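Here are a few friendly notes to read alongside the structure. Take the points one at a time, and find each residue on screen as you go.

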Amino acid sequence: MPEESFQERTEKATPRRIREAREKGQVARSQDLSAVIVMLCGVAALVALGPAMSRELRGLLTWTLSDSAKFAIDPGTMQGFFVKVGWVFVKATAPIILALTVIAFGSSYLQVGNVFSNSALEPKFDKLNPVTGAKNLLTLKSLVALARDVFKLTIIGLIAYHAIKKEVPTLVTFPQMSAGEIGTSMISISVRIAFKILLALLVLAALDFAYQRFDYLRGLRMSHQDIKEEFKTTEGDPLTKGRIRSIQREQARRRMMQDVPKADVVITNPTQLAVALKYEADEMDAPTVIAKGERLVAQAIKKIAQEAGIPILENKPLAQALFKTVEIGMQVPGHLYRAVAEVLAFVYSLKGKSR
């Protein structure tokens, strides 16, 4: 096995590796963050919708107690009673339940996006192995999780202590309050304490999400060998691609050499460059480069031209300009028309042609 396969994974995960991990259900997600958002929004929903829910339930209780003596105990009456009680209960609690459901899905979506994987639903029987479970209790990850939980409990305990301590002056006045005032005060105190604790939990959960994302990306890191293997899988083996390009260049060179005998003239540098031109007035708007090359390719073009009886003319500036600016199969640009026309006129005069 290559030596690089044993090296540490120090490179960032590629988009393909992250995408494959997401397809397997492996995402950076903090369960604490989702839970805290749901609880915080739940308390806010209770504060906002609590009075309306209280009125509905209080009206139901009043109706039940005031009309209980009038109930006839028979199947029809009891069915109507339970239908009404159920409807009032649903009407009172449905807004909060619906809001919390939307918030729960929304908090998860904000963390991981649109991810659905069957792999995450497949049973993993190795998790039922007690030996494996015992080993997982002593891993670095489990120790970090334990330290994190202890830290969170400590912070929450301190905040709860200070929040309750701040409410002590109100608590000591309860003996002088009526039952209704005590209930209202207890609700107010509970909401204030809950908000303080949940805000602290929200900060801790955000830090937990940042850590989970860091740990997730660290777990997906790759070695240099992993990146090379992925590149081979997605882009193909560089050696094979290089061989294919070499074969394609050779085939293009052979086709080019086969077209040299069709040229009207070959313009040279004289030894470094060779450019073969062809012009058919009925088919072409301007002379066309059908072959070109330098060094050994140029020598091969001149040799084929000599064997085919194609005129070879030395014109260094024109040869360099054509080689640099005109690709094979392209027509001569306008600024070179005059120079090329003079060359072709000379060639045609040698052959006794007129164009």
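1. Let's begin with Ser34, which sits in helix H2. Please keep in mind throughout that this is a predicted model. Is Ser34 buried or exposed? Its relative accessibility is 7%, and because buried means under 20%, Ser34 counts as buried. Setting aside residues up to four places away in sequence, Ser34 touches Arg29, Ser107, Ser108 and Gln111.

2. Stay with helix H2 for a moment, since Asp32 belongs to it as well. The side chain of Asp32 meets that of Lys152 in a salt bridge, with 2.3 Å from N to O. Helix H2 covers residues 31–67, while Lys152 lies in helix H5, residues 140–166. The two partners are 120 residues apart, so this pair links distant parts of the chain.

3. How many salt bridges does a search of the whole structure find? The count is 10. As a general idea to carry with you, side chains of opposite charge can pair when their charged atoms come close.

4. Another pair to find is Arg338 and Glu342, whose side chains form a salt bridge at 3.7 Å, N to O. Why are these two about one helical turn from each other? Both are in helix H12, and they are 4 residues apart, which means a separation of about one helical turn. Arg338 counts as exposed, at 67% relative accessibility. Elsewhere, salt bridges with shared partners join Asp32, Asp149 and Lys152 into one network.

5. Now turn to Arg295, in the loop between strand S3 (288–294) and helix H10 (296–308). Its phi is positive, at about 55 degrees, although Arg295 is not a glycine. Why is that worth a second look? Because most residues other than glycine have a negative phi. Arg295 also forms a salt bridge with Glu294, and their closest N and O atoms are 3.4 Å apart. Of these two partners, Arg295 is exposed at 52% relative accessibility, and Glu294 is partly exposed, with a relative accessible area of 37%.

6. Next, move to the segment before helix H1 (15–23), where you will find Arg9. Arg9 is partly exposed, and its relative accessible area is 41%. Which residues does Arg9 contact, once neighbours within four places in sequence are left aside? They are Arg17, Gly219, Arg221, Met222, Ser223 and Asp226. Take Gly219 as an example: it is 210 residues from Arg9 in sequence, yet the C-alpha to C-alpha distance is 9.0 Å.

7. Finally, the largest nonpolar core has 21 residues. Which of them touch the most other members? The answer is Val265, Ile267, Leu277, Leu318, Leu322, Val340 and Val343. The elements giving two or more residues to this core are strands S1 (265–268) and S2 (273–278), together with helices H11 (316–325) and H12 (337–351). Helix H12 supplies the largest share, with 5 residues. To trace some of this packing yourself, select Val343: apart from neighbours within four places in sequence, Val343 is in contact with Val265, Ile267, Leu313, Asn315 and Leu318.

How values were computed. Residues numbered from 1 in each chain as written. Predicted model: local features only at pLDDT ≥ 70, side-chain atom pairs only at ≥ 80, totals over all residues. Heavy atoms only, no water. Buried < 20%, exposed > 50% of the residue type's maximum accessible area, 1.4 Å probe, protein only. Contact = heavy atoms within 4.5 Å. Core = buried A, V, L, I, M, F, W, Y, C linked by side-chain atoms within 4.5 Å. Salt bridge = Lys/Arg side-chain N within 4 Å of Asp/Glu carboxyl O.
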